[in-house]
Amino acid sequence: MVLLKGQGAMIGVNLIAIVYKNGFSRDGKSRYADVQLDARDPRGQKQTNLHLKSDRVQDEDGKVRYNNGAPYSTSQMEEIAKAAGPNTEPILDKDGKEVGTIYGFKGNVMPATRGTGLVVNTKSVEASEFEVDSTTLDNQLTSMRAARKAQAAARESQARASAPETEREQAAEVEVDQPTVG
C-alpha cells in the first residue's frame, strides 16, 4: 500500500483508477476500482507499492495474491469518470478486447472507514495533471520495480558498510579470547 506521510500529503494527489467492466459488487450498487497513486506524481517516485489498498489474500489452493480493489458506489464512480473527462484509456485483454478503463484524475485521499488502505474522497476530484495512455500501466509497474530495486540496493550497501565493523569486532574478540602462553 502507498505511504503518504506529512502535512498535505493526502491532498491533491494525482491518481489513476483501473476499473474492469465485470467489477461490480453482488448487489450491483458498487464497483471495485484499483486506485493507484500516479507514479509521475512527486509523492510516487520512491514508492514500492502505488496501490491505495493492497490486502494479502491466500487462495484455497494456497497461492498468495493481493486484492487491490476497493468498492466505490455507482455515484462515486460517476464523479471519478466526470473528473477524468477524456483522460481515459481502454484496458485490453490479450485478444485486443476491451475489458475495462483507466481513469486519470486528481483528488484527496483518506483512510478507509471500512476495511484497510486509503480511499478517494470523491467530493474533491478534478482533472489530473498527467495524461493516461497505453503505457500508463507499464510505467506504474516499472516505477514500483525500480523503487524496490533501489531499496534493496540501499539495504545491501548499508549491510556491506556495517560488515567491516563486525569483522573487526570479531577479530578483536578472537585476539582477546586466546589464552596466552607464558
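1. **Basis.** This is a predicted model: local features need pLDDT of at least 70, side-chain atom pairs count only at pLDDT 80 or more, and totals for chains, interfaces and linings use all residues. Numbering starts from 1 along each chain as its sequence is written, and side-chain values use heavy atoms, with hydrogens and water left out.

2. **Fold.** The protein has two helices and eight strands. Helices (H or I, at least four residues) and strands (E, at least two) are DSSP runs, numbered from the N terminus. The order from the N terminus is β-β-β-β-β-α-β-β-β-α. Contact means heavy atoms within 4.5 Å. Among contacts with a separation of 6 or more, 57% join residues 24 or more positions apart. Of the 182 residues, 37% count as buried. Buried means under 20% relative accessible area, exposed over 50%, and partly exposed in between (1.4 Å probe, protein chains only).

3. A nonpolar core is a set of buried Ala, Val, Leu, Ile, Met, Phe, Trp, Tyr and Cys residues joined through side-chain atoms within 4.5 Å. The largest one holds 28 residues, and Val35, Phe105 and Val120 touch the most other members. Two or more residues each come from β1, β2, β5, α1 (74-84), β7 and β8. A second, separate core has five residues, including Ile16, Ile91, Ile102 and Val132. In soluble globular proteins, nonpolar side chains tend to be buried together.

4. **Val120.** Val120 sits in strand β8. Its relative accessibility is 3%, so Val120 counts as buried. Beyond neighbours within four places in sequence, Val120 is in contact with Leu15, Val35, Leu52, Tyr72, Phe105, Asn108, Val109, Met110 and Val125. Val120 and Asn108 are twelve residues apart in sequence, with their C-alpha atoms 6.0 Å apart.

5. **Tyr72.** Tyr72 belongs to strand β5. Tyr72 is buried, at 2% relative accessible area. The Tyr72 side chain reaches the backbone nitrogen of Val120 at 3.2 Å. Tyr72 and Ala33 are 39 residues apart along the chain, and their C-alpha atoms are separated by 7.1 Å. Leaving aside neighbours within four places in sequence, the contacts of Tyr72 include Ser30, Arg31, Ala33, Val35 and Met77.

6. **Asn87.** Where does Asn87 lie? Asn87 is in the loop between α1 and β6 (88-92). With a relative accessible area of 5%, Asn87 is buried. The side chain of Asn87 reaches the backbone nitrogen of Val132 at 2.8 Å. Val132 is also one of the members of the second core. Outside four places in sequence, Asn87 is in contact with Ile102, Tyr103, Gly104, Ser128, Phe130, Glu131 and Val132.

7. **Largest pocket.** On a 1 Å grid over the protein atoms alone, a cavity is a set of points where a 1.4 Å probe fits but cannot get out, and a pocket is an open set with protein on both sides within 12 Å along at least five of seven lines; lining residues have an atom within 4 Å of a point. Grid points are joined across faces, edges and corners, and a volume is the space filled by probe spheres set on the points. The largest pocket has a volume of about 470 Å³. It is lined by 19 residues, with Pro71, Gln76, Thr113, Arg114 and Val119 nearest its centre. β8 (118-127) is among the elements that supply at least two lining residues, and β8 gives the most, five. The lining has eight nonpolar, eight polar and three charged residues. Here Ala, Val, Leu, Ile, Met, Phe, Trp, Tyr, Cys and Pro count as nonpolar, Asp, Glu, Lys and Arg as charged, and the others, Gly among them, as polar.

8. **Second pocket and cavity.** The second largest pocket has a volume of about 190 Å³. β1 provides the largest share of its lining, four residues. The search of the whole structure finds one cavity of 30 Å³ or more. The largest cavity has a volume of about 30 Å³ and is lined by Asp38, Arg40, Thr136, Asn139 and Gln140. This lining has no nonpolar, three polar and two charged residues.

Notes:
A polar contact is a pair of N or O atoms within 3.5 Å; within protein, one must be able to donate a hydrogen and the other to accept it, and residues adjacent in sequence count only if both atoms are side-chain atoms.
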